[in-house]
Amino acid sequence: MTVMDEKVKAELLSLGTVDVEPSLLPRFRTSTAGPGMGLQSVFFSSGGLRVRLEVNRDSPLKMVRRDHHVVITRDDREIAEGIIEEVVAHCPGQVYITVSERCIYNCQFCSVPKSEGKIKSKEEILAIVEAAKKNGTLTVISLTSGIASSPDDEIDRVAGIVRALAPYNVPIGVAVHPAPGSSKKLKVAGVTEVKYSVETMDPEIFDRICKGSKGHDLAFILESLREAVGIFGKNHVSTNIIIGLGETDESVRQSVEYLAEMGVIPVLRPISIPPLRIKELEGAVRPSPERLLYLTEMTRKILRKQGLSARESQTMCLACTGCDLTP
Ligand code: SF4
């Protein structure tokens, strides 16, 4: 049996898609959070690793059934055998919910602003969590949200929801845009970990991809991350850095050094190009397996030097690991 190791996972992540045998398909749901929002995806697990792949008929990777397992092949070469993991809500092992499926910002890598989706009420979210509790799958809750009207209002909305979820007594992770005083508010509400994403720390790329997002300020996000570490502690604050927007390896290294020195764990996220963003993301390229492995190893060394460990993280992407080579 060929199992997935980190090299194989890098190859799969570099492509990011898989053509799935139709008889396996009805088990999958459309994602409502993360890079695959609005797309159908599958979580493949093998060799103790997990990867999330978008379902796409044109993918060079094929997934077929073999007895009680599934096999991923490429050009008839078997790449890995494993299982399909059941999704609790958005990802395996976590009830991961998007609160506001809309955003006043217009970052070019993100499909949320294009979706103009709904804002889930506290009651709707409680119903999802209650259903997970009833079927025995409630171990972690993660919330993410676009910005429906302002960062401040969104923090208040999410904090209110977290207060209602606190009695479930499970770790709660929140991935949102920060606002002044947001870490304190979220901590008091009952949040365990936060993620404020910088997406890129290359100022030129930040300006380019986040233009049209008035008030979206890299310096403020960094300041908020520093404050968050003081409140939530090391290993409980993370940020996404997108890989594939034209940044150099050296700029990624400098960003990782800067963040890790503050006590923040960076999640290196291969760019996803949502169908609605193909024009804006012209020139964006998913990283090669070699680049992913190189950047992950580099990040691992830097985190170790700063006494940080992704294993300590309990919620969101660092606990899920589906979309990244987690350091
Ligand atoms: S790694 Fe993060 S974005 Fe990807 S599926 Fe898991 S929780 Fe969602």
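At what angle do helix H7 and helix H8 pack, and how far apart are their axes?

Reply: Happy to, and keep in mind that this is a predicted model. Helix H7 covers residues 218-232 and helix H8 covers residues 249-262; the two pack at an angle of about 35°, and their axes are 9 Å apart. On the H7 side, the contact is made by Leu222, Leu225, Arg226 and Val229, while H8 brings Tyr258, Leu259 and Met262. Sort those residues by class and you get 6 nonpolar, 1 charged and no polar.

Now let's zoom out for some context. The protein has 10 helices and 13 strands in its secondary structure. Its C-alpha atoms fill a box of roughly 55 × 50 × 40 Å along the principal axes.

Where they meet, 18 residues of domain 1 are in contact with 22 residues of domain 2.

That brings us to the open space. The largest pocket has a volume of about 440 Å³. It is lined by 20 residues, and those nearest its centre are Arg300, Ala310, Arg311, Thr326 and Pro327. Helix H1 (6-15), strand E3 (49-55), helix H9 (289-305) and helix H10 (316-320) are the elements that give two or more residues to this lining. H9 has the largest share, with 3 residues. By class, the pocket lining divides into 8 nonpolar, 5 polar and 7 charged residues. Domain 1 and domain 2 both give residues to the lining, so the largest pocket lies between them.

A search of the whole structure turns up 4 cavities of 30 Å³ or more. The largest cavity holds about 870 Å³ of space. It is lined by 44 residues, and Phe109, Cys110, Thr144, Glu199 and Asn240 are the closest to its centre. Several elements give two or more residues to that lining: strand E7 (90-91), strand E8 (94-98), helix H2 (112-115), strand E12 (237-243), strand E13 (265-270) and H10. Here the largest share, 3 residues, comes from H10. The classes in the lining of the largest cavity come out as 26 nonpolar, 14 polar and 4 charged. Each of domain 1 and domain 2 supplies at least three residues to the lining of the largest cavity.

The second largest cavity has about 60 Å³ of space. Its lining includes Glu193, Val194, Asn235, His236 and Val237, along with Ser238, Ser313, Thr315, Met316, Cys317 and Leu318. Two or more of the lining residues come from each of strand E11 (193-195), E12 and H10. H10 again turns up with 3 residues, the largest share of the lining of the second largest cavity. The class count for this lining is 5 nonpolar, 5 polar and 1 charged.

Note on methods. Residues are numbered from 1 along each chain as its sequence is written. This is a predicted model: local features need pLDDT of at least 70, side-chain atom pairs count only at pLDDT 80 or more; totals for chains, interfaces and linings use all residues. Side-chain values use heavy atoms; hydrogens and water are left out. On a 1 Å grid over the protein atoms alone, a cavity is a set of points where a 1.4 Å probe fits but cannot get out, and a pocket is an open set with protein on both sides within 12 Å along at least five of seven lines; lining residues have an atom within 4 Å of a point. Grid points are joined across faces, edges and corners, and a volume is the space filled by probe spheres set on the points. Helices (H or I, at least four residues) and strands (E, at least two) are DSSP runs, numbered from the N terminus. Ala, Val, Leu, Ile, Met, Phe, Trp, Tyr, Cys and Pro count as nonpolar, Asp, Glu, Lys and Arg as charged, and the others, Gly among them, as polar. Domain bounds come from an automatic or database domain assignment. Axes are lines fitted to C-alpha atoms, for helices over the stretch in contact, and angles run from 0 to 180 degrees between N-to-C directions. Contact means heavy atoms within 4.5 Å.
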